Amino acid sequence: MRLPSFFSKKRGERRTGLPAWGSLGEALYYAVLLAAGLVIGGLMLTGVAVPEWRINNRFVEVSGRLVGKGVARHTTVDLFGARRQAWRPAVLVEYPVNGELVQSWNTAGLAETSSRREVAVGLLAEQELGQTVPCWYDPDQVTTVVLKRGYSWWFWLLTLLLPGALVAFGGSGLLHAAGGWGRSEERQAAEVWAVLQRLARPLAEADGYPTIPACDNLVNSPGTVLRFRLPTESPEAWTVLGSGLFAGLWNAVVVVLAIGAGFDVAGGRIDWWLLGLLAPFSLVGLLAIWLFLRRVLLVTAIGPSHLEISDHPLRPGGCYDVLLSQAGSVAFRRLELVLELEEQATYRQGTDVRTERQVVWREVVRRWNRVEPLPGTPFEAEVQVRVPLRAMHSFHSTHNAVSWRLVLRGQPERWPALVRVFPVVIFPASEAVAAGASPAVSHKRHEVAS
Amino acid sequence: MNGSRHASAQRLSSPLPTPQVTVTFRSDGNLYIPGERLLARYRVEGVDETLVTAVERSVAWYSEGKGEEDLGVVFFDRSVAGRQVSDEQVGWQPLTGTISIRLPLCPLSYEGLIVKIRWCVRLRLFFVGGRDFVSEHIFFLGDIPVARPPEPVAS
């Protein structure tokens, strides 16, 4: 007897399998998660949430009197048989219920359980016999009484978050598994695509060109000389933002520690551990501020880079005028404008999602040596960018992308290297251009025409 | 690189016969121009059509390489035994047929370093008992040259 194969096996271009078994395994996995979420949620609701809700909404408020006090002992036996005792202050409350006085011991809300009896006894000193206290009793069981009301918000949050996440993850996965039951990946893709077409596009695409990113954001800024001004994706800006955030957060922690240490010293108490911790923390904080200021200085001193282009989106075989403007007073040993094609692949590695990038084509549009800007005048140069005749078009899907970009690289005299990226979008060649671009396609065109 | 792939015999775990799928493209080198009409004829041999419960025919692109696979289906048709789904299908003839669609303008077939885009015609047969068999036949949309790693940037 042969057992059914749970997973498809891939052999060359043909795969065989029992798709229902795969769907069943997936459904079972998500069903377990959903059940776990429901069980944990149910336990939390019945154990904490519902009693708390009843106390705050169903219990009857009366004015009670403290008529006795003592300590409640709680004895536990651990795995090795050792007995441990814990103590908690308790008060005897007397309160009226339907004209009759009821007495009940209460420990809730007085203090936490302590392993030391004297601590619990000490806490009882705050309670005076005969004093009047507000209390709330359970109308269904009148001996159940509490001296405090309110909600444990963190517990409610846990009740919602932990089981809620399990229910959401398990439920959505179960629905997905049920939706894919017995359906091939092509059928699912076709149906999902049809739904997405009706509802919304997951990725902004150019009209009529599926999988090509929309370039609306690249053509909404007119240039001063040429038609469009390209936006920049400067890694420097993110570096400045990141280093600024780090410096701010780190130094906030240092300030809090320093204030605490200052109060201690003012009160005549010196916490050497805190002071010892403060010294290296302060050094790191100062270093972070210095690095942040240096990066800000670098960005502002080098000055902004602008790129204008005569048309957009680009087409294979097309030739475009590009105007480069580099402001600032920094001299460059070398400055170059490069057209690059970069591939980007996103994949899972364990529980991590990683993205790998690789430049697969690069052409220097123009290189300038010894760039010395005049005071108050940006360095400007107009060049022509030619897109290769058989260039791949821009492409993006959920996990993969092929992106074109103009990259400005510079090596300033006394500063770190400059890299500024200007994304561009390349559409496929028009049919007429494509026909002349490739010998194979050209031959094919000829055949079709004849 | 020859994109035509012909299925050879393969034994299924159940005592089903081994399908042999042949897809013939009406194009030299299986190369298509964006927007051109794809015409492909398929034929399945070596299987009893009474054991086939459903046939799915699709034209799709998918990504290969380092990233997770993305799949885009531009044509999908499912026909079930005893039920006529497609207008062009007359009766139940699961083992022969023609696929004819106008191809989109993109994405073009692409052989990159960590991203590859492939176009294919897929024929998926479902048999009695739930087992399926898929046969995939590559064709090319456009004629983009194979990517090669560029020379490192001069320092």
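## Cores and a cavity in a predicted model

Author: Chain B has zero helices and nine strands. This is a predicted model, in which local features need pLDDT of at least 70, side-chain atom pairs count only at pLDDT 80 or more, and totals for chains, interfaces and linings use all residues. Residues are numbered from 1 along each chain as its sequence is written.

Reader: How do you know which residues of chain B are buried?

Author: Buried means under 20% relative accessible area (1.4 Å probe, protein chains only). By that test, buried residues make up 55% of the 155 residues in chain B.

Reader: Why is a set of residues called a nonpolar core?

Author: Its members are buried Ala, Val, Leu, Ile, Met, Phe, Trp, Tyr and Cys residues, joined through side-chain atoms within 4.5 Å. The largest such core has 70 residues, of which Leu406(A) and Leu38(B) touch the most other members. Strand β8 of chain B (residues 115–127) gives this core its largest share, seven residues. Apart from it lies another core of 13 residues, including Val62(A) and Leu147(A). In soluble globular proteins, nonpolar side chains tend to be buried together.

Reader: What makes the lining of the largest cavity mostly nonpolar, by class?

Author: Ala, Val, Leu, Ile, Met, Phe, Trp, Tyr, Cys and Pro count as nonpolar, Asp, Glu, Lys and Arg as charged, and the others, Gly among them, as polar. The lining therefore has seven nonpolar, two polar and no charged residues.

Definitions and conventions:
Chains lettered and ligands numbered in written order. Heavy atoms only, no water. Buried < 20%, exposed > 50% of the residue type's maximum accessible area, 1.4 Å probe, protein only. Helix = DSSP H or I, 4+ residues; strand = E, 2+ residues; numbered from the N terminus.
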